[in-house]
Amino acid sequence: MTASPPRQAVPPDEPPGPPEDRGHRIRRRALTLLIIVLLIGVPAGYLVISANQSRDSGKDKERKWAARGLTEAWPSKVQRHIYEVPVPRQADGKGILSTKVAYYETNNWRTSRLYVQFMTTNAGLDHFFKAMGVPRTSLKKDQFPISARDQKIVGWEFKEPGQWWGLAHQQKNPAPTQHIVVKRSHPNHYMVYVVSRTTP
């Protein structure tokens, strides 16, 4: 015969409590379930909300930077070197052959792009193409190699009447590929638009 575990004796000064009725048992179980749901659900909900806010914040930042568009400044020397966009300067490095210089850079895991615009002289345009190693005669009249997508990103529109030329300078990776549009605004004044793309 197996021995049964010893029964705890009820203290003599504590009378046994009344048996738990059905309603009280249901309320107790409901309260326990509610506590469990709160302990698990609230932190989980907080994590979901946090993740959504973080994702939305990233999208907002992306939209904010995209909305900025071109920055009225010269791209850095490093940017001009990496993307091979030689915005014209005088040979001595002191004078400037370019005005209205602006740029915008985008980067992702597949492609990096540098958008540059500047106004230059006839001599500046010659310097630009010579520094790129591309004959200026490669420009084709009424050619627009910069895609509609790229135009939209920086707000360029090549619709105004005028003398337009363009060319695509394709190079093998890792060298960048440049798409160029040139407009002759006035005698000896050329507006140049460049999109240089690199693939890591």
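Reader: Before we start, what should I know about the numbering and the model?

Author: Residues are numbered from 1 along each chain as its sequence is written, and side-chain values use heavy atoms, with hydrogens and water left out. The model is predicted, so local features need pLDDT of at least 70 and side-chain atom pairs count only at pLDDT 80 or more, while totals for chains, interfaces and linings use all residues.

Reader: Let's begin with the sheet. In what order do the six strands stand?

Author: The general idea is that strands of a sheet pair through backbone hydrogen bonds, either parallel or antiparallel. Here strands are DSSP runs of E with at least two residues, helices are runs of H or I with at least four, and both are numbered from the N terminus. Two strands pair if DSSP finds at least two bridges between them. In this model the open sheet has the order β1-β2-β6-β5-β4-β3, with antiparallel pairing. Because β1 and β3 (140-141) stand at the edges with a single partner strand each, one side of each is left without a neighbour in the sheet.

Reader: How many bridges join β4 to β5, and how many pair β5 with β6?

Author: Seven bridges join β4 to β5, and nine pair β5 with β6. For individual pairs, look at L167 opposite I180 in β5, Q163 with its bridge partner R184 in β5, and R184 opposite Y190 in β6.

Reader: Is β5 largely enclosed or left open?

Author: Buried means under 20% relative accessible area, exposed means over 50%, and partly exposed lies in between (1.4 Å probe, protein chains only). Seven of the ten residues of β5 are buried, so β5 is largely enclosed by the rest of the structure.

Reader: Now the helix α3. Where do its buried residues lie, seen down the axis?

Author: An α-helix has 3.6 residues a turn, so residues three or four places apart point the same way. In α3, the buried residues are G124, L125, F128, F129 and M132. They fall within an arc of 130° (taken from the directions from the helix axis to the C-beta atoms), so they line one face of the helix. What covers them includes β2, β4, β5 and β6. The direction of α3 makes about 170° with that of β5; axes are lines fitted to C-alpha atoms, for helices over the stretch in contact, and angles run from 0 to 180 degrees between N-to-C directions.

Reader: Which residues have the most contacts inside the largest nonpolar core?

Author: A nonpolar core is a set of buried Ala, Val, Leu, Ile, Met, Phe, Trp, Tyr and Cys residues joined through side-chain atoms within 4.5 Å. The largest one has 21 residues, and V85, F118, F128, F129, I180, V182 and V192 have the most contacts inside it. The largest share, four residues, comes from α3. Contact means heavy atoms within 4.5 Å, and F129 touches V134, R136, L139, L167, I180 and V182, not counting residues up to four places away in sequence. A second, separate core of twelve residues includes V154, W156, F158 and V181.
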